[in-house]
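This report describes selected local features of a predicted model. Please keep the sequence and the structure in view while reading.

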Amino acid sequence: MVLYYILLPLAWLVFHIGFWGRRMLVFAKKELFEINALLTWFFRCCGALCVRGTKEELEIIDRTVEACRAGETLLIFPEGTREKEGRLLPPKSGLFVIAAQAGVDVVPVRIRYDTPDGKMRLFCRVNVIYGEPMPAAQFAMESRRDMKVLRANKQALLDAWEQLK
């Protein structure tokens, strides 16, 4: 019940206000769209894009790249899932492919829960820590599968996250 009466209106405000009064594009994994029809409708109204984690998503990536070039803000959780123990997981490649194609900077952000064990609890204090922007030139790749550049970018993002404490 808390989900429907507290978290959904709060999420609606966050998605519609976004950063600096602009609406954001949000990548959301397909499992969130499968909970029920009301949540699917809600996420679609908020501008969330369903990401399935498959290679057939080129159309979504191309649309996202164009939106980023046009100045839209993209919220993406590069780890692809939520880690319940508070450790950092290695980021997936999608963030770097989009940043390279769009030629945009990446701002690393870390979310920390102010609880003794670092896990999310209902009504706990949440700290959102923003890092220094990572320049677009750093993400330039010859192809979508330039593994050397992808590995270097993943490590750079992990290092940036580690500094956000």
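## Surroundings of Glu-79

Leaving aside residues up to four places away in sequence, Glu-79 is in contact with Arg-87, Leu-88, Leu-89, Pro-90, Pro-91, Lys-92 and Trp-161. Glu-79 itself belongs to the loop that runs between strand 3 and helix 5. From there, its side chain comes to 2.6 Å from the backbone nitrogen of Leu-89.

Glu-79 is buried but forms no salt bridge. The nearest side chain of opposite charge is that of Arg-110, 7.9 Å away, whereas a salt bridge requires a distance within 4 Å.

## Helix 5 and its cover

The buried residues of helix 5 include Leu-95, Phe-96, Val-97, Ile-98, Ala-99 and Ala-102. Among the elements that cover the buried residues of this helix are strand 1, helix 4 (58-69), strand 3 and helix 6 (147-163).

The C-alpha atoms of Val-97 and Ile-61 are 8.6 Å apart in space, although 36 residues separate the two in sequence. Just after helix 5, Gly-103 adopts a positive phi of about 70 degrees.

The parallel pairing of strand 1 (residues 24-29) with strand 3 extends over three bridges. Within this part of the sheet, Met-24 is placed opposite Thr-73 of strand 3.

Phe-123 is located in the loop between strand 4 (109-113) and strand 5 (126-130). Is this residue buried or exposed? With a relative accessibility of 67%, Phe-123 counts as exposed, because the threshold for that class is over 50%.

The backbone at this position also deserves attention. Most residues other than glycine have a negative phi. Phe-123, which is not glycine, has a positive phi near 65 degrees.

Methods. Residues are numbered from 1 along each chain as its sequence is written. This is a predicted model: local features need pLDDT of at least 70, side-chain atom pairs count only at pLDDT 80 or more; totals for chains, interfaces and linings use all residues. Side-chain values use heavy atoms; hydrogens and water are left out. Two strands pair if DSSP finds at least two bridges between them. Helices (H or I, at least four residues) and strands (E, at least two) are DSSP runs, numbered from the N terminus. Buried means under 20% relative accessible area, exposed over 50%, partly exposed in between (1.4 Å probe, protein chains only). Lys and Arg count as positive and Asp and Glu as negative; His and the chain ends are not counted. A polar contact is a pair of N or O atoms within 3.5 Å; within protein, one must be able to donate a hydrogen and the other to accept it, and residues adjacent in sequence count only if both atoms are side-chain atoms. Contact means heavy atoms within 4.5 Å.
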